[in-house]
Amino acid sequence: MTGTAAHAWLPRASCDVSCVGVGDTAAARPVRVALRVTLRVMLALLLAPGLPLLAVPLPGRTRAQRGYCRLVLRCFGVRITVSGNPIRNLRGVLVVSPHMSWLDVFAIGAVLPGSFVARADMFTGRATGIAARILRVIPIERSSLRRLPGVVDAVARRLRAGHTVVAFPEGTTWCGWHGDDAGRDAARDGGTPPHAGGTPTRLRGRAGQSHKGCGSFYPAMFQAAIDAGRPVQPLRLTYHHVDGSVSTAPAFVGEDTLLRSVCRLLRVRRTVARVRVESLQLPGTDRRALASRCQSAVEVGPSRHPGRGHALVA
């Protein structure tokens, strides 16, 4: 993922392309992989003309958006599972989630579709710019701190108008792999047990150190929910191999490019996206406390603690 100019205040992930792996694809027959990629590309091309229809304000548009996102996931060999609390039929909800990949947009859209807050530099091309306008993306320039209040105001206006807005408060992408997970070696090597030498490259030479594949939630976007007086819905999103071990194949981190990331995922036989709906959070008056509660709600690993305060148990 090519980044913007460096600033001391910009969120930085400790993840890079060495965290990313494609599992057992290397052991698959080249002909089978080629057929898989060809079929998926053809399906994606068939779906592309339907993208503008998502912007048409017709009855049942939300259901159509969910279905479209699920079809896109299928094109990349991704199956989605949803667990946790029931989804409340509320208007004007800020949805927050950990951020690992461009694929997150479709995984979350298959559950709670809405407008996304996304990096402005991801939509500089003609095709991506058209897609951004169709999907009503709220662009954010990470290198411009002065423009951040305007983005927060835009999110608040959407929330007041009753629209669902999706934001990634970590501010950048992470690989989603945690060093203290039981299946840590499987994240890169597709289910390889720890004793089989499947340790990700990042761990080699870092013996005894734990790698945390997620970041902290920055409080800025939560101010929009407070200003609009609207609740926040935390979602815990993780990617897995078929055997249940963590997959880093969808990760879009470091100096990775979008094309390389897409091609990598097209080659993987099967990925499972798990979305867990956590307790809805009332906004309160303190954006840092709200960010902390949502962070606790979606945090993975043994150190996870349930959120306290203004939680609505669904």
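Predicted model: local features only at pLDDT ≥ 70, side-chain atom pairs only at ≥ 80, totals over all residues.
**Exercise 1.** State which residues of α1 and α2 make the contact, and give its division by class.

*Solution.* 
- On the α1 side, the contact is made by Arg 40, Leu 43, Ala 44 and Leu 47.
- On the α2 side, Tyr 68, Leu 71, Val 72 and Cys 75 take part.
- By class, this contact of α1 with α2 holds 7 nonpolar, no polar and 1 charged residues.

**Exercise 2.** Determine how the directions of α1 and α2 are related, starting from the crossing angle of their axes.

*Solution.* 
- Helix α1 covers residues 30–47, and its axis comes within 9 Å of the axis of α2.
- The two axes cross at roughly 155°.
- Angles over 145 degrees count as roughly antiparallel.
- The angle therefore makes α1 roughly antiparallel to α2.

**Exercise 3.** Describe the crossing of α1 and α8 by distance and angle, by hand and by contact residues.

*Solution.* 
- Helix α8 comprises residues 258–267, and the axes of α1 and α8 come within 8 Å.
- These axes cross at roughly 115°.
- The crossing of α1 and α8 is right-handed.
- From α1, the contact residues are Val 33, Arg 36, Val 37, Arg 40 and Val 41.
- From α8, they are Leu 265, Leu 266 and Arg 267.
- The contact of α1 with α8 divides into 5 nonpolar, no polar and 3 charged residues.
- Arg 40 of α1 takes part in the contact with α8 and also in the contact with α2.

**Exercise 4.** Characterise the second largest pocket by volume, by the residues closest to its centre, and by the elements and residue classes of its lining.

*Solution.* 
- The volume of the second largest pocket is about 900 Å³.
- The pocket is lined by 33 residues, of which Thr 62, Gln 65, Pro 113, Gly 114 and Thr 164 are the closest to its centre.
- At least two lining residues each come from α2 (61–75), α3 (104–109), β3 (115–119) and α4 (126–134).
- Helix α2 gives the most to this lining, with 6 residues.
- By class, the lining has 16 nonpolar, 11 polar and 6 charged residues.

Notes
Residues numbered from 1 in each chain as written. Heavy atoms only, no water. 1 Å grid on protein atoms, 1.4 Å probe; cavity = no way out; pocket = protein on both sides within 12 Å on 5 of 7 lines; lining within 4 Å. Points joined across faces, edges and corners; volume = space filled by probe spheres on them. Helix = DSSP H or I, 4+ residues; strand = E, 2+ residues; numbered from the N terminus. Nonpolar A, V, L, I, M, F, W, Y, C, P; charged D, E, K, R; others polar. Axes fitted to C-alpha atoms, helices over the stretch in contact; angles between N-to-C directions. Parallel < 35°, antiparallel > 145°, perpendicular 65-115°, else oblique. Contact = heavy atoms within 4.5 Å. Left-handed = near helix turned anticlockwise from the far one by under 90°.
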